[in-house]
Amino acid sequence: MPRALSMPPVIASGSLGGSPQPVLPATGGLLLRPWEEADAPAFLSAYQDDEIRRWHTRRPGVEPQVRKWFHAYRQDWKQEKGGHWAIARDGVEVLGRIALRELDFDDGTAGAAYWVLPAARGAGVASHSLSALTTWALDEIGFHRLELDHSTRNPASCRVAIKSGYLLEGTKRSAAVHDDGRHDMHLHARIRGD
Ligand SMILES: CC(C)(COP(=O)(O)OP(=O)(O)OC[C@H]1O[C@@H](n2cnc3c(N)ncnc32)[C@H](O)[C@@H]1OP(=O)(O)O)[C@@H](O)C(=O)NCCC(=O)NCCS
């Protein structure tokens, strides 16, 4: 049920779901592209990695579940609930994942999330991808504010946020449950004009 707004929404309905999900180029020969059925093994393998398991508590267990997630991702795009991209080298080899979630067209806000496969880390894959996604979301689609949060015990993610222009706004105390208990979470955001 749409909210009755005194102002027009920041982003008009149909701005995303009315068109196919775009392929976005990023620095370093990276392409952010929609997930394909053939990516299911690579996607599943990511959740065998201890670091990804440490920071992502929602995990697929078998390939059919991954394919259900991919289906849900396509629905998210059509229903303008989120966008989910594979980060691929030359558009083929999957290196990671990046997503925009919690889309709010009325206020023009969204949240970013990502992981990178172990073999591809430390080469700018996350920060180049986040920068490309951010430029598209702010400059082409018209979002005003993009947020991301990460555990205060995850300094690599903090660095990705800072390198991509997401300022640290504060610490949300005891805000998320991980396998080893509750963690404080850093809140970062980048707004148009930063
Ligand atoms: C966090 C993650 C996405 C980073 O991906 P990446 O492609 O290696 O990121 P980048 O290469 O763009 O940048 C990583 C930065 O973190 C730094 N870094 C890595 N490990 C670090 C650590 N333990 N402490 C501090 N900084 C660290 C790197 O030096 C680099 O910064 P620099 O370029 O200034 O040297 C990846 O490590 C990952 O997938 N981790 C597991 C899942 C995860 O943490 N997801 C995010 C949840 S919020």
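Start by selecting H5, which gives the most to the shell around the ligand, with six residues. (Helices are DSSP runs of H or I with at least four residues, strands are runs of E with at least two, and both are numbered from the N terminus.) Before you go on: this is a predicted model, where local features need pLDDT of at least 70 and side-chain atom pairs pLDDT 80 or more, while totals for chains, interfaces and linings use all residues. Residues are numbered from 1 along each chain, and side-chain values use heavy atoms, with hydrogens and water left out.

Now show the whole shell: 23 residues surround the ligand, each with a heavy atom within 4 Å of it. Gly122, Gly124, Ser127, Arg159 and Lys163 are the closest.

Next, click on Arg159, where a polar side-chain atom lies 2.7 Å from an oxygen atom of the ligand. Then try His56: an N or O atom in its side chain is 3.1 Å from a nitrogen atom of the ligand. At Ala123, look at the backbone instead, where an N or O atom lies 3.4 Å from a ligand oxygen atom.

What space does the ligand take? The largest pocket, since more than half of the ligand's atoms lie within 2 Å of its grid points. A pocket here is an open set of points on a 1 Å grid over the protein atoms alone, where a 1.4 Å probe fits, with protein on both sides within 12 Å along at least five of seven lines; lining residues have an atom within 4 Å of a point.

Last stop: select Trp55, His56, Tyr114, Asn154 and Ser157, which lie nearest the centre of this pocket among its 39 lining residues.

Technical notes
A polar contact is a pair of N or O atoms within 3.5 Å; within protein, one must be able to donate a hydrogen and the other to accept it, and residues adjacent in sequence count only if both atoms are side-chain atoms.
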